[in-house]
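Please walk me through this structure. Start with the annotated site, then turn to the chain contacts and the salt bridges.

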There are 4 protein chains.
Amino acid sequence: MRVLFLGDVVGRAGREAVHDRLPELRERLSVDFAIVNGENAAGGFGITPDIAEALFDAGADVITTGNHAFDKREILTYFDAEPRLLRPANFPPETNGKGSGLYPTRDGRHVLVANVILRLFMDTSDCPFRAAEKIVEECPLGYGADFIFIDMHGEATSEKLALGHFLDGRASAVVGTHTHVPTADHMVLPGGTAYMTDAGMCGAYDSVIGMNKEAPVERFLSKTARPRLEAADGPATVSGLLVISDDATGLATHAEPVRLGGLLSETQPDC
Amino acid sequence: MRVLFLGDVVGRAGREAVHDRLPELRERLSVDFAIVNGENAAGGFGITPDIAEALFDAGADVITTGNHAFDKREILTYFDAEPRLLRPANFPPETNGKGSGLYPTRDGRHVLVANVILRLFMDTSDCPFRAAEKIVEECPLGYGADFIFIDMHGEATSEKLALGHFLDGRASAVVGTHTHVPTADHMVLPGGTAYMTDAGMCGAYDSVIGMNKEAPVERFLSKTARPRLEAADGPATVSGLLVISDDATGLATHAEPVRLGGLLSETQPDC
Amino acid sequence: MRVLFLGDVVGRAGREAVHDRLPELRERLSVDFAIVNGENAAGGFGITPDIAEALFDAGADVITTGNHAFDKREILTYFDAEPRLLRPANFPPETNGKGSGLYPTRDGRHVLVANVILRLFMDTSDCPFRAAEKIVEECPLGYGADFIFIDMHGEATSEKLALGHFLDGRASAVVGTHTHVPTADHMVLPGGTAYMTDAGMCGAYDSVIGMNKEAPVERFLSKTARPRLEAADGPATVSGLLVISDDATGLATHAEPVRLGGLLSETQPDC
Amino acid sequence: MRVLFLGDVVGRAGREAVHDRLPELRERLSVDFAIVNGENAAGGFGITPDIAEALFDAGADVITTGNHAFDKREILTYFDAEPRLLRPANFPPETNGKGSGLYPTRDGRHVLVANVILRLFMDTSDCPFRAAEKIVEECPLGYGADFIFIDMHGEATSEKLALGHFLDGRASAVVGTHTHVPTADHMVLPGGTAYMTDAGMCGAYDSVIGMNKEAPVERFLSKTARPRLEAADGPATVSGLLVISDDATGLATHAEPVRLGGLLSETQPDC
Ligand SMILES: [Fe+2]
Ligand SMILES: [Fe+2]
Ligand SMILES: [Fe+2]
Ligand SMILES: [Fe+2]
Ligand SMILES: [Fe+2]
Ligand SMILES: [Fe+2]
Ligand SMILES: [Fe+2]
Ligand SMILES: [Fe+2]
């Protein structure tokens, strides 16, 4: 199976880049299933129902999120109604929405997608390692799931790598989000799990993680200035990972980055 | 000028990779000046005088460090004696060693190298923005320095990008270290400063940031297990950035990643 | 019922103070049940089986702990064998020992004691609010438990107060530990739960939270000095809280601090 | 000299308690100089010029602050104009206002007051130990200052105790703020410096650090609820410390807590 993941969509620039690129990417790369992290799609903070619909229309089969999942109030009930929108599975049990789901591809295979949030340097949450393990054990590769994708939303490279190795051989792909910077360490781990510390954002990279760059610089310098953070304009990049799995095992055979448009060096799979 | 930077060297695997690759890289890429972050060269924790000497012998003109600078006690006096070994400039004023220096290239041009440590999700330090600004203002591009290289040792992508933009146009290159994962966002910022959020480590990538992978996973899972962290063996990657500057302005014209050996996708500049 | 709680015992000075004072305190204050936090009893870091035995001998009915529970390796199997020694209930499920227990008083009433660890500014753990709630709901006041005592081991005053109010009316007493400084906010909350943000330590207060004071000062000043932290000697204080409950409801009617010996102002209940 | 310090005034309840109690306290305790931390006086977040004026009118000679110093925008220029309002001295050099001052008592003696902010578990700042040391060295006891008072605004008990010991013998009093809970460890350190880890807040204690208690509890439980934090109403306590110094040395001879009104146990000096 060929699964495409795109990292945190940030603001209008990120949304437009996804809208412009995702349809052709699905086509050109023969994508069977596409997942997009949408936690910053609404001006950098959260996501609205309309924006979620637009991402689905652009070709996202599932939207994952993270710490910004609930920034917009109007998304709360939408989370309950729309099973293709996920929030971290290890949020409190009463939280609106759900953290994982099993979804059919257009040709009837099944993709298990889970979203977990990590803990180092982040808000408090229950154990993401155990949450992810429970999800993959309840619907393992070959028994229910043809492909398992984990979006791990986290800050620290050590925790992301540890979770990747912990799930190695049990998921098809474990890919990080949240730092908004793509890493160059995409690989297939020894057990057959595709891995990338961070997928990077879909947004304008002449910025501070997608936001207009002046304001964050001022905030780092001053205790009095509180300039508004706004999603940056300018040429945007879509950034993510294409994972190709062996249908016999559900494990990954290839993991290739996708970066198109904007300021970053472009790359796309030729397989 | 052509300046090569290699990120955090981790343990024996990282040291051997640098020893094997750096001489040929200097040659093939016509490197005028090479800088290596050595903070994890001694088994993952710190650096010793012997290891520093070996890195100089392999072709490092300057060694930078970070939070692990002083893990080995025998390095303390060596820091005072060896001006080519730097620790973060914004450590307390009484700290052994120094945080920046002006160094001649083999053909008599001058490279200003500074090491600063960032603050988000890290130990306390004085302001890295002001420390870096003071260093570049005291020896600006064109007046004393032909090239200015800043190794910013930090965790958070937001702080790294903010410092990059803050120094844009005032340094030739601002490159991150510490996360041990290379980022794919190398670029020349609008003002002419080469930038990369993290240069990645020189070490074995089938690991958790260069350390044997079982121990960190256990530590994330358990409050009782305290397995020893040891530098990972196995095929190692050298990871870093080549920056090419315009000698008339001291600003960057190209920034190209270097990743050779080991598990990561290989890349090297063809310019 | 009259329940005495003493905060974190730190090193030899703290142990000797408890040994000297606890028997007479039990006697003079007609204590029905005594609980002592022992997480720093062994030189400031952890607790050993011998030290636990000595604390039981001195009059502790139950010993609670915290983040230092497992600092000494020899305590691991002891935790499994000794039900009167508790570790945080919200540690991972596989953790040695247990986090709560129901214990008889000498006259046959029952005290439920639970130990939870908080999360703000501390290592990652699963939700302490839900862990504590589950414990009190499974054995509520009046149905199984005559008295419920919660030792909440935490750093932030906001999280401690929030947990106190969350459990108000459902526990007899919710008392904090870990900061090693007694607070002066002992009170009975509106719902009938005795509360104190931190019980303070049993140890030498001419120190930095019970450790020899020079070393911590140096560590705050320097990035190179790493002086050993050792438990401070000198005159020691026992610090804690006496809670008196109404046997009809299990709720608290009085909460009075105990501070005896050493440098702090002395106080003890006269009721 | 007799110097009274009152901790963080929180909201209307805190302001009214100070207004009601401070005049009589000055009188009854023969206070020569009164200092009040006002960082939460405006609804829990910051301070306004009018509120500062009211605190001066109630008897504050100097107002200190902390991380909330600039929450209200209208205070920025007032900080520049009013030398009796202090913000942390170790904020960036360009920050409005100043961090210390030398003030005359009504009978012509001089009190040096400084405000520093600590770093553990707090936002980034430059070194508070060196900032405080510089201030006391530039105007030492007996040479310019008859009394030196340091308000250290911080979270961690270890850092507060370390700073207290670091300044012991060089300041008349080092008292903590920010946790909003009074500690019971007031003492005169061996070198003659009065010390208290936290002075506690002036506000309503049936709350979570002065704020309406339901909202913080919900925030600890939920990732979706974001109830507004509002300063709590209800009976309020004034909380602080009276320090008595020897005019010959400037060092402290007594340190006695003040807690009046509201839910906490009342205490006041009888000396
Ligand atoms: Fe994001
Ligand atoms: Fe995020
Ligand atoms: Fe490193
Ligand atoms: Fe580092
Ligand atoms: Fe403790
Ligand atoms: Fe503790
Ligand atoms: Fe405050
Ligand atoms: Fe504060």
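The paragraphs below take up the annotated site, one interface and a set of charged pairs.

This is a predicted model, in which local features need pLDDT of at least 70, side-chain atom pairs count only at pLDDT 80 or more, and totals for chains, interfaces and linings use all residues. Residues are numbered from 1 along each chain as its sequence is written, chains are lettered from A and ligands numbered from 1 in the order in which they are written, and side-chain values use heavy atoms, with hydrogens and water left out.

Begin with the site. An unreviewed UniProt entry places the feature "binding site" at D8(A), E39(A), N40(A) and H180(A). These positions spread over 173 residues of sequence, yet they cluster in space, with a largest C-alpha distance of 11.2 Å. UniProt positions follow the numbering used here, feature names are shortened, and annotations may be inferred rather than shown by experiment.

D8(A) sits in the loop between β1 (2-6) and α1 (11-28) of chain A. Helices (H or I, at least four residues) and strands (E, at least two) are DSSP runs, numbered from the N terminus. The relative accessible area of D8(A) is 0%, so D8(A) is buried. Buried means under 20% relative accessible area, exposed over 50%, and partly exposed in between (1.4 Å probe, protein chains only). Leaving out residues up to four places away in sequence, D8(A) touches E39(A), N40(A) and H180(A), among others. Contact here means heavy atoms within 4.5 Å.

H180(A) lies in another part of the site, in the loop between β7 (173-177) and β8 (187-188) of chain A. H180(A) counts as buried because its relative accessibility is 5%. Its contacts, with residues up to four places away in sequence not counted, include D8(A), E39(A), N40(A) and Y205(A). The side chains of H180(A) and N40(A) are joined by a polar contact of 2.9 Å. A polar contact is a pair of N or O atoms within 3.5 Å; within protein, one must be able to donate a hydrogen and the other to accept it, and residues adjacent in sequence count only if both atoms are side-chain atoms.

Now the interface of chain A and chain B. About 3,300 Å² is buried between them, and carbon and sulfur atoms give 71% of that. Buried area is the accessible area (1.4 Å probe) that two parts lose on being put together, summed over both. In chain A, A184(A), F220(A) and L221(A) lose the most area to chain B, together 19% of what that side buries. Each chain is represented: 36 residues come from chain A and 36 residues from chain B. What joins the two sides? The rule finds 10 residue pairs in polar contact (both at pLDDT 80 or more), and 0 salt bridges. R26(A) and D61(A) form one, at 2.9 Å, N to O. This pair links distant parts of the chain, 35 residues apart, with R26(A) in helix α1 and D61(A) in the loop between α2 (49-58) and β3 (62-64) of chain A. R26(A) is buried at 9% relative accessible area, and D61(A) is buried at 15%.

Another salt bridge pairs R130(C) with E94(A) at 2.7 Å, N to O. It crosses between chains, from helix α4 (residues 128-138) of chain C to the loop between α3 (75-81) and β4 (100-104) of chain A. E94(A) is exposed, at 56%.

How values were computed
Salt bridge = Lys/Arg side-chain N within 4 Å of Asp/Glu carboxyl O.
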